[in-house]
Every structure is written in C-alpha cells, then in structure tokens.
Amino acid sequence: MTGQTTVRHTAPPDVRRDRPTAVPERTGAPVAEGEARLVTGEPGCGRSRFLDRAARAFTAGPVVYVRADPDSATVPHAGLRALLRLSAEPRAHRPAVPPPDGLDGLDGLDGPSADAALRSALRAACADGPLLVCVDDAHLWDPASRAALGRLGRDPRAAGAVSLLLTAPGHRPVDPEFAGIPPLRLDPLTAAASAALLDEESGGSVDRGVRDDLVAEAEGNPALLLALLRSLTPAQLRGRAPLPRPSADAEILTGLVGGCLSALTAEEDQVLLTAAAAVREAEDDSAAVAPVRRALARLTGGAPAARLDPPPELLVLGDGRLRFRSALVRRALYARAGERERRAAHRALAAQEAGLPGLLHRAWAVPADATTAADGAAAALATGLAAAAADPAVPASPRLRCAALARAADLTGDGRDRARHRLAAAQQALLAGQPHRALRLLDAVRTGAPGAELRGRAELLRGAALLRDGPVDEARATLLLAKSLLAAHAPAAALAATLGAADAAWAAGDVPGCLEALAEGRGEQGRDGLSGTPAGPGADTPAGTGAGAAGPAASLPSGDDVLREHRRGMLALLERRFEAAVRSLRRVVDGAAPGDRVETLLRAAAAALLMGDLVGARGAATAALVAARTQGEAAALGPALEYLAYTELRAGRHGLARTHAEEGLRAAHRAGQRNTAAHHHAAQALAASIDGDADAVARHVRHAQEISLRHGLAQAATLAEWALARVDLGEGRPAEAADRLGPLVRPGPGRGHFAVWMLAVPCFVEAAARAGRGGSAGPVVEEFAEWARFGADPQAPAQLLRCRALLAPPDRADGLYESALALHETAGGDFERARTEFLYGQWLRRRRRLREARDRLGAALVGFERCGARAWAAQARAELRANGTSAGGARAGDLSALTPQQLRIVHHVAGGATNREIAQALTVSTRTVDYHLRKVFAALGVRSRVELARLVEQTEKTPAHP
C-alpha cells in the first residue's frame with residue numbers, strides 16, 4: 001500500500017483518482033473500522049458532499065465509492081453488481097483481484113449466496129488494509145441489492161476490515177432493508193458555516209446584509225442557500241437593489257424537494273397544507289393532531305376522519321402531535337399553495353385554536369392588502385393580538401410572541417403603534433435566539449421616524465444583538481447612544497443601556513471605556529422608568545458578554561435596584577475598592593432566587609464569578625439554564641452554559657466544564673451568537689489543555705481567536721492564549737509557556753485582558769521558574785498578591801504561596817510549600833492542589849529527599865488522574881521514575897510500561913532511525929511519532945534519544961526491531 005486512497009464512482013462514469021493533499025478538516029471519523037452508518041438528512045442537507053469528503057479524508061486504505069443509478073432501480077442485483085465490479089478493480093502496486101464467484105450469474109443467486117459473493121469480494125479488496133465502502137443514495141438501489149447491503153450494514157465485520165457509509169434521505173421513512181444500521185443525521189449548517197459557504201461560492205462578493213438575509217432564509221440548508229444565491233441579480237447581491245419577498249419562492253423550494261410532492265392527491269395536498277399552516281410558527285415544529293383534524297373536517301365539509309390521515313412518508317404522528325419529516329418540504333408545501341388556500345387553512349385553524357395561536361391564525365387569514373387604518377377589523381385584530389402577545393399570563397414562547405407582534409405591526413395603520421409592535425417583536429426575537437429577525441424588525445422601526453424614546457429602545461436592542469454577535473466597540477457606541485436617547489424618558493432603561501455599554505467595554509478589555517460607561521450611569525435614580533417599557537415581557541433586555549464580564553445582560557429585572565447594585569459593584573471593582581465591590585455584588589447574588597427572570601439569574605451568576613463565589617455562580621447559572629429552557633428563551637442558553645463552564649473551570653472540574661461548553665457552543669450557534677461561541681471555544685480549549693488533548697486545544701483556540709480578532713473580544717482571545725500556554729506547560733515545555741504568557745501578564749501594551757491575566761499568573765511563574773527565569777516573575781507576583789487579598793478566587797491564596805515558593809531560596813521554599821498545601825485543604829480543587837504537590841515533590845527530589853518526594857509526587861499523580869489531567873499525570877509519573885519508583889511501584893526505565901506502538905517506536909529510535917523513517921516504516925504520520933516519543937520520554941524519565949537508546953541497550957541485550 002502507498003497510503004493513498006483510491007476513490008471510484010459508477011455514476012457519473014467510473015473515475016479513479018488519488019486522494020488530494022488538502023483534506024477537508026474533520027473533527028473525527030464518521031465511521032470506525034468494522035462499523036456502518038446510514039447518513040440521513042432532509043433534501044439539500046449535503047449528504048453527497050459529506051460522503052465525498054469522508055471518502056477523500058480516509059487514509060487507512062482504499063475506498064470504493066458507488067453512486068446509485070436510478071435507471072437501474074428495477075434491474076435485480078444491479079447495484080450489487082456495480083459494487084462487486086468496483087471492488088474487484090486492480091489498485092496501484094498490486095495485481096488484479098479475480099471476480100468473485102457468481103458475479104456473472106448474480107441474477108440467479110438467492111440472499112445467502114449474494115451475501116457470500118459480496119463478503120468474499122470485499123474481503124479480498126481489503127487484504128492490504130482497511131476498506132471504506134461508500135454508497136450514495138442507497139435507497140435507489142434495486143430491492144435485492146438493498147437487502148444484501150442492509151445485511152452487510154448490520155454485520156460489516158463479516159467481510160473483514162470493512163467500514164460502510166450509506167446515504168438515504170431523511171424526509172421519508174427508513175427503508176426496512178436498512179433498519180438496524182445506526183443513523184448519522186446531518187444537522188443544518190450553523191449561521192457561521194452558511195456565511196462561509198456563501199463567501200466560498202461567491203468569492204466574498206455578496207453584501208454583508210444580503211448575506212445575512214440569505215443565511216436566515218436558508219435556515220441552514222446548503223442547497224437552498226446556493227439556490228437563493230443563484231436566483232439573485234448582481235445588483236441584488238451587492239445590496240444595490242431590493243431582494244424579492246419572499247426570497248425563497250415556491251419554484252426554488254419545490255425544485256429542491258424533488259418529486260416527493262408531485263404525486264399528491266388533492267385531498268393529501270389539503271391535509272399537508274393545513275398541517276404546514278398549523279406548525280408554521282410552532283417552537284418545536286409540531287402541532288396537535290386534534291385541531292388540525294377538526295380544521296380539515298371544516299375545510300372539506302365534514303369528510304370522514306379516516307380519509308384525513310396524512311401521508312406517512314411526509315408526516316409523523318405520535319403522542320397526539322404531528323410533525324413534518326423535513327422542514328424544507330413543509331416550507332415548499334406552504335409556499336406553493338395560493339394565498340387564498342393558505343388563508344382558508346388559517347381561518348379553519350383559527351376556529352379550532354384558542355389563545356394566542358388562534359389569534360395568530362386569524363391574523364394570517366386577513367388579506368395581505370388589509371394593512372391600513374381604514375380597515376377597522378384588521379386594526380382591532382392587531383390590537384388584540386399585540387395585547388395577548390404582551391401579556392405574561394398568556395402561555396407562549398418568545399418565538400410565538402414575536403410572530404404575533406410582527407403580524408400585529410403589519411396590520412396596524414398608525415405609525416407609532418406599528419413601531420411599538422415591531423420593537424416588542426424584536427425583543428422577543430432576541431429572546432428566541434433569532435437575532436437576524438430582530439435586526440430586520442429594528443431596521444423597520446428606524447425607517448418609521450420614531451420619537452426619541454422608541455428610537456432609544458430600538459438602539460438598546462440593537463446593541464444587545466451586537467453584544468452577542470458583532471464588534472463589541474460598535475455595541476458599546478450603540479448602547480451609549482441608547483442611553484443618551486433614553487435618559488430623559490426612561491431612566492431605568494437608560495441604566496440598562498449604561499450597563500450594556502460597560503459589558504461591551506469589558507469584553508474588549510477597555511478599562512477606561514468601562515469606567516466611562518459606568519460613571520455615566522451615576523445619575524440614574526428612582527423607579528420611575530418602569531412604566532415606560534414597550535409591550536411584551538422583558539422588553540429592556542440586551543444580552544451581555546461572557547463569564548467574568550461586567551454582567552450577563554444589561555436588562556431590567558423585577559426591580560432596578562439590582563441594576564444599580566451591579567453597576568456599583570463593577571465600578572468599585574475597577575477602581576480597586578474591593579470591599580465596596582463585594583458588598584454590592586453580594587446584594588446582587590443574594591437577591592436572586594430560582595423562579596426569577598432569566599436575566600436576573602444570569603446577572604447573579606456573573607456577580608458571583610466576580611467575587612469567586614463558585615457555589616453561588618453554579619446555583620444561579622443552573623437556575624438560569626432551567627428557566628431559559630422552561631420559558632423557551634433560546635438566547636439565554638449559551639450564556640447560562642458559559643457561566644457554568646467557567647465556574648467548573650475555576651473549580652477544577654474540567655470534564656464537566658468541557659461538557660457545558662460543548663452544549664453551550666451548539667446553543668450559541670443555533671442562536672446566532674458568535675461572541676458567545678468564542679467564549680465556549682475558549683472554555684473548551686482551557687479544559688482540553690488539562691486533558692492533554694493538544695489537537696482539540698489548537699482547534700478551539702483557532703476558532704476563538706478568529707472570532708475575537710473580527711469582533712474585538714480581548715477576553716476570549718486572552719483565555720485562548722492561556723490555553724495554549726497550559727499545553728506547553730503540561731507537556732514539559734516551560735520555556736515556550738513562559739514566552740507565551742510573559743506578554744499577557746507583564747505590564748505593557750501587550751498585556752492580556754484585565755480580568756484574565758491575573759488568573760494566568762501562577763502558570764507564568766511556574767513556567768518561568770522551571771525554565772530558569774524566575775527573576776522575571778517577581779513584580780508580577782506582587783501584583784498577584786493584591787488580587788489574592790481581594791478574595792475573588794478561592795485558589796489564589798494557595799497559588800500565591802506556591803509562586804513565592806518557586807522563587808524563594810531553599811531555606812524558605814519548604815515552609816511556603818507546606819503553607820500552600822494547608823490552604824489548598826480549605827480551598828478545594830484537585831487540580832491546583834495536585835500542581836502544588838507536584839512542584840513540591842519535584843523540588844524535594846532535586847534535593848535528594850527521595851522518600852518525601854515520592855509521597856508528594858504520588859499524591860500529585862492521584863490528584864491529576866482524579867481530575868483527568870493526563871498531561872500533568874504523565875509528568876508526575878516521569879518524576880516518580882526519576883525518583884527511582886514508577887507510578888505502580890516499578891523501577892524507572894521499565895519498558896514494560898509502554899504500549900506496543902510505543903515499543904516499536906523505541907526500538908526504531910534505538911536503531912538510529914529518524915522520525916520520518918519511523919513514520920514510513922510504521923505507516924503513520926511523523927506527528928504521531930513525535931507524539932508517542934514525548935510520551936515515552938515522560939514515562940521512562942529520559943531526556944534525549946541517546947539516553948533512550950542506552951536504556952534499550954541496558955534492558956535488552958539483543959534489541960528486536962518489529
């Protein structure tokens with residue numbers, strides 16, 4: 001084998017090509033050796049592209065890639081014959097494989113014989129190594145071939161080292177032949193991925209606003225996104241001509257879903273249209289079956305219920321609810337119907353639905369031209385709709401409230417009332433995690449020439465959206481503008497804007513800007529701003545920055561006293577009046593309780609983190625997460641999980657932090673919050689730096705820094721840089737860690753974010769001391785001492801003593817280490833205590849106090865293993881071996897502790913082979929060899945290849961080279 005992958009297709013005509021050198025980035029293999037996956041997703045989700053990339057990224061052996069031919073769907077065993085022919089083709093550097101028995105007479109074979117022929121061919125094809133079989137559109141194969149393929153998918157190991165990837169559409173039931181094959185469903189693209197795809201296809205020539213409109217319209221479907229792109233004129237793409245409304249018309253949508261709608265009867269069309277109207281604004285894309293059935297009976301004049309069952313290949317019924325298998329199919333069904341038919345469906349549903357859903361269906365049944373004040377019925381409906389959407393007692397999700405308020409604005413003739421409805425709709429869109437929809441509504445408010453108060457509230461919400469997804473300097477300027485517009489009309493809302501501007505400055509690391517924003521808020525007083533809030537719950541709710549920022553959301557909770565206390569606490573903290581800061585921030589934390597509004601709980605979590613109250617932060621963030629899920633506030637999920645992730649990082653529970661950050665990243669992507677996503681990337685990088693997962697650290701750091709550079713997020717960028725330094729330190733590269741951390745923690749223009757650099761000081765001092773540069777760390781330690789006295793970090797006092805021990809002369813270091821360990825007993829946290837134990841044990845070993853060193857290093861190893869710090873645990877084992885005892889009690893230099901792969905590499909090194917030569921001999925990458933060698937050096941306590949070769953010579957008289 002050459003290590004290259006051969007890819008062969010049947011339709012288009014057979015192509016043999018080598019794997020390109022530029023393999024698309026992947027976070028993991030879609031299928032393991034000897035396993036099968038059925039790749040599904042709605043039309044246009046990119047199944048074929050996914051399969052092609054998976055084939056090109058497969059480097060372990062050959063790939064057989066077959067694309068089904070619809071014209072052969074009725075020919076028995078046609079698909080199987082194509083697969084067998086390709087698997088028998090000769091590959092580079094090996095003779096041709098004889099055709100399997102029965103290939104020519106395959107039509108006469110029964111199921112077991114066909115299975116035997118298939119397995120025999122694949123077993124021969126993977127004789128040289130693992131084989132990946134890709135079958136695109138497997139559902140289009142003939143029944144006999146589908147059956148054989150399905151049986152192989154349930155037991156691919158029967159054919160040898162074979163992996164199997166099949167694709168089939170996800171908007172229809174799974175073919176029974178493929179039942180039992182684990183599914184792999186492709187999710188919609190994130191907003192960032194959709195924007196990147198547009199830039200790739202257009203060369204970056206699409207106007208930013210147009211790009212955002214297309215991304216929102218496509219809802220993560222790549223095929224729809226590209227179809228919309230191709231439907232626009234050059235002037236529209238550059239933002240010089242208005243986009244069509246709606247931009248995703250029926251022709252585009254129907255073309256993408258293919259022929260699944262062409263064979264519908266008129267009755268089925270009516271069923272599907274009514275169902276599509278019922279779930280149009282539903283939070284979970286489902287609707288209750290009973291009102292839909294009653295609406296259909298009304299539309300059809302009382303037709304029997306048995307005739308109203310929906311087509312099962314498009315709709316799923318269960319637990320009294322119905323949902324479409326594909327959102328794209330639902331949109332196509334609704335778009336291709338005429339306006340008259342859509343209005344009739346909504347009118348029938350309005351008669352069956354109560355509350356806000358019923359009112360909204362009534363509103364959608366109003367003709368499109370009934371939007372003037374002269375239409376009294378439309379105006380009255382708009383007033384009732386807006387009142388219901390603004391009533392907190394009415395059960396409804398933010399998404400439904402937004403739809404109701406936006407429709408009320410469409411039906412309102414009065415310009416000021418229309419602006420108020422749109423403003424309230426934008427607020428609900430932000431809560432629902434639909435920032436693009438919110439910004440478009442706010443654009444409409446701005447064009448309506450509102451007064452100062454309405455414009456101020458619009459800028460307040462615009463700043464909130466930018467704070468989560470945009471340049472934070474722009475967010476700060478927008479929120480300061482909102483403050484100036486609101487100061488005379490709604491002081492409480494002005495205070496909210498002040499805190500939001502401080503949040504933006506905090507995220508940017510702009511201390512003067514933060515102080516300026518907070519100082520401007522000193523004139524806010526009284527509770528007289530509460531009555532001026534726009535319609536809808538939570539109407540003054542901008543979003544905040546990340547954990548450790550000045551507050552989660554510059555918003556109006558149940559009382560504006562909490563806002564004032566939070567502002568006072570932030571201001572005192574920045575002015576280094578620590579006791580006053582703690583008093584105010586403590587009131588914010590103590591004033592929050594489960595059941596409060598989400599933004600109040602998020603603010604409490606942020607205040608608790610600023611004080612180092614990890615118990616309080618965990619409780620408030622968890623309560624906020626539960627409340628956000630209960631109330632359908634998708635925009636709060638990412639921030640709540642962000643606070644939880646940072647809380648667990650501070651507590652040393654890195655595995656739990658990583659779990660929160662992974663979930664938070666998904667929530668941030670769904671809600672279009674790239675700034676929040678940057679913080680989750682940074683949190684994952686920090687957690688992975690403890691796990692020893694260097695590849696994951698690099699990946700998350702790259703994403704965090706990319707967003708941070710574009711949006712000015714100094715806090716997330718500093719956290720990401722710190723994660724890279726921890727990798728260096730954990731893998732025994734203190735000089736590199738010191739070089740990376742020095743500019744971040746020392747005074748000067750390159751210093752990192754003011755809320756982060758002090759957290760990184762202990763890492764820098766350790767790196768500098770271990771690299772022999774302890775003298776450069778003294779001034780930073782004294783600044784860290786002031787931070788430790790504040791009490792915002794429970795680990796800081798023990799870390800301070802550890803730093804002093806690292807820099808102290810031998811006669812003082814011993815006592816400082818002991819005192820640090822005593823403080824760790826009260827502070828908790830396995831990781832920080834284990835680091836102190838490790839450094840103390842290392843110090844003791846170098847002074848030949850071997851028995852004491854063994855005890856400390858052993859305790860460090862247990863602590864590192866308990867918290868999953870694998871890289872540090874490897875260093876502890878190496879120190880134990882250097883001390884004369886392995887982690888398991890064996891002497892240092894014991895080769896039996898190595899893995900088989902590590903032993904192979906060791907023997908090659910002992911024979912004088914270079915890393916490149918070893919990689920070629922073992923058919924792995926040089927990076928893999930380097931990774932294993934670092935682990936070997938740490939495990940055996942050696943420092944060079946010469947020492948390693950000498951150790952092998954001493955322990956094995958005649959070294960064997962596998």
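These legends walk through an overview and several close-up views of one predicted model.

The model is predicted, so local features need pLDDT of at least 70 and side-chain atom pairs count only at pLDDT 80 or more, while totals for chains, interfaces and linings use all residues. Residues are numbered from 1 along each chain as its sequence is written, and side-chain values use heavy atoms, with hydrogens and water left out.

**Overview. The protein chain as a whole.** The chain holds 43 helices and 10 strands; helices (H or I, at least four residues) and strands (E, at least two) are DSSP runs, numbered from the N terminus. Of its 962 residues, 54% are buried, where buried means under 20% relative accessible area, exposed means over 50%, and partly exposed lies in between (1.4 Å probe, protein chains only). Among contacts with a separation of 6 or more, 68% join residues 24 or more positions apart; a contact means heavy atoms within 4.5 Å. The accessible surface comes to about 38,300 Å², and 52% of that belongs to carbon and sulfur atoms. These areas come from the Shrake-Rupley method with a 1.4 Å probe, and for residues, only the protein chains shown count as cover.

**View 1. An open sheet of 5 strands with parallel pairing.** Reading across the sheet, the order is β4-β5-β6-β3-β7. β4 (63-67) and β7 (183-185) stand at the edges with a single partner strand each, so one side of each has no neighbour in the sheet. From one strand to the next, the twist averages 20 degrees. Two strands count as paired if DSSP finds at least two bridges between them.

**View 2. Strand β6 and its two partners.** How well covered is β6 (residues 162-167)? The strand is mostly covered, with 6 of its 6 residues buried. V162, L164 and L166 are buried on one side, and S163, L165 and T167 are buried on the other. Strand β3 (residues 36-40) runs parallel to β6 and is joined to it by 4 bridges; look for A36 opposite L164. Strand β5 (residues 131-136) also pairs with β6 in the parallel sense, over 5 bridges, and L132 has S163 as its bridge partner.

View 3. Helix α4 (residues 143-154) forms a right-handed β-α-β unit with β5 and β6. Right-handed here means that, with the strands pointing away from the viewer, the path from the first strand over the helix to the second runs clockwise. Helix α1 (residues 47-57) lies across β3, β4, β5, β6 and β7, at about 165 degrees to β5. Helix α2 (residues 78-87) lies across β4 and β5, at about 150 degrees to β4. For these angles, axes are lines fitted to C-alpha atoms, for helices over the stretch in contact, and the values run from 0 to 180 degrees between N-to-C directions.

**View 4. An open sheet of 3 strands with antiparallel pairing.** This time the order is β8-β10-β9. β8 (286-288) and β9 (315-318) are the edge strands, each with a single partner strand, so one side of each is left without a neighbour in the sheet. The twist averages 25 degrees from one strand to the next. β9 and β10 (residues 321-324) run antiparallel and are joined by 4 bridges, with G318 opposite R321. Helix α10 (residues 266-278) lies across β8, β9 and β10, at about 100 degrees to β10.

**View 5. L385 in helix α15.** L385 sits in helix α15 (residues 376-390). Why does L385 count as buried? Its relative accessibility is 0%. Not counting residues up to four places away in sequence, L385 touches L356, L359, L360, A363, A404, R407 and A408. A409 lies 24 residues away from L385 in sequence, and the two are 9.7 Å apart in space, C-alpha to C-alpha.

View 6. E879 belongs to helix α39 (residues 870-882) and is buried, with a relative accessible area of 8%.
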